[in-house]
Amino acid sequence: MADVKDSFMMEPKSSTTTITSSSQKHHRTFLMVQNILRIFVIVLTAVSIVVMVTNNQSFMVITFQIEAHFYYSSSLKFFVAANGVVCFLSVLRLIINLLMRKQTPQRKDYYFYIFLLDLVMTVLLIAGCAAATAVGYVGKYGEKRMGWSAICDHVQKFCKTNLVSLLFSYLAFFANLGLTILIAYKCTS
């Protein structure tokens, strides 16, 4: 009878150990995926910023030399600033994740605050992308009713390079959106 009682007492301990080990493995996997997505966001936003900031082109109109540069458009400046803020916050969040990798926070409010931060970064990225897309559209096709003519005929290199920067930023947006969905899933589980 004592042997049965001892074996019965052993069973819960081993299942508890298995649950704890499984929970820690799940948390490590979650952190690894989260860190990979954050690294994607950091790299993509940084590349987008570098491509946009280093892009410029000059052209002649009659006797005037006109230079196309991101700094002359408030929408493109907002685009660069939005990417910069997201890149900076993602680096901070990655550092915090790396420092806390041994700890497994089980509080839902912790994940909720991470979710809010990622949601704000996602919205900021799409706002910057939308602003740059609108300027790119007007630059490519103009706006006849407003009297704005297309300039991409004169500065094709500038427009194509801006498109590359915009594509990197859209990829960063989708990576950050995936990260936000992952954190939201963690909040509910």
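**View 1. Lining of the largest pocket.** The largest pocket has 29 lining residues, and those nearest its centre are Val135, Gly136, Gly139, Cys152 and Cys159. Two or more residues of this lining come from each of strand E2 (64–69), helix H3 (108–141) and helix H4 (156–188), and H3 contributes the most, with eight residues. The space in this pocket amounts to about 770 Å³. By residue class, the lining comprises 17 nonpolar, eight polar and four charged residues, where Ala, Val, Leu, Ile, Met, Phe, Trp, Tyr, Cys and Pro count as nonpolar, Asp, Glu, Lys and Arg as charged, and the others, Gly among them, as polar. A pocket is an open set of points on a 1 Å grid over the protein atoms alone, where a 1.4 Å probe fits and protein lies on both sides within 12 Å along at least five of seven lines, and lining residues have an atom within 4 Å of a point; the volume is the space filled by probe spheres set on the points, which are joined across faces, edges and corners.

The model is predicted, with local features requiring pLDDT of at least 70 and side-chain atom pairs pLDDT 80 or more, whereas totals for chains, interfaces and linings use all residues. Residues are numbered from 1 along each chain as its sequence is written, and side-chain values use heavy atoms, with hydrogens and water left out.

View 2. Strand E1 (residues 56–61) runs antiparallel to E2 and is joined to it by six bridges, pairing of strands being assigned if DSSP finds at least two bridges between them. Gln57 has Ala68 in E2 as its bridge partner, and Val61 stands opposite Phe64 in E2. Two residues separate E1 from E2 in this hairpin, and Ile62 in the turn has a positive phi of about 55°.

View 3. Met60, in strand E1, is exposed at a relative accessible area of 54%, where exposed means over 50%, buried under 20% and partly exposed in between (1.4 Å probe, protein chains only). Although 94 residues separate Met60 from His154 in sequence, their C-alpha atoms are 8.7 Å apart in space. Of the 189 residues in the chain, 34% are buried.

**View 4. Aromatic pairs.** Six aromatic pairs are found in the whole structure, a pair being rings of Phe, Tyr and Trp (its six-membered ring) with centres within 6.5 Å, stacked if the planes are under 30 degrees apart, edge-to-face if over 60 and tilted otherwise. Phe70 and Tyr71 are edge-to-face, because their ring centres lie 6.1 Å apart and their planes meet at 80°; Phe70 is buried at 10% relative accessibility, whereas Tyr71 is exposed at 53%. Tyr137 and Tyr141 form a tilted pair, with 5.0 Å from centre to centre and 50° between the planes, and since these residues are four apart in helix H3, about one helical turn separates them. Phe112, Tyr113 and Phe115 belong to one aromatic cluster.

**View 5. Charges over rings.** Lys77 lies over the face of Tyr71, 4.5 Å from the ring centre, and the charged end of Lys186 sits over the ring of Phe30, at 5.1 Å from its centre. Such a placement requires NZ of Lys or CZ of Arg within 6 Å of the ring centre and within 35 degrees of the ring normal.
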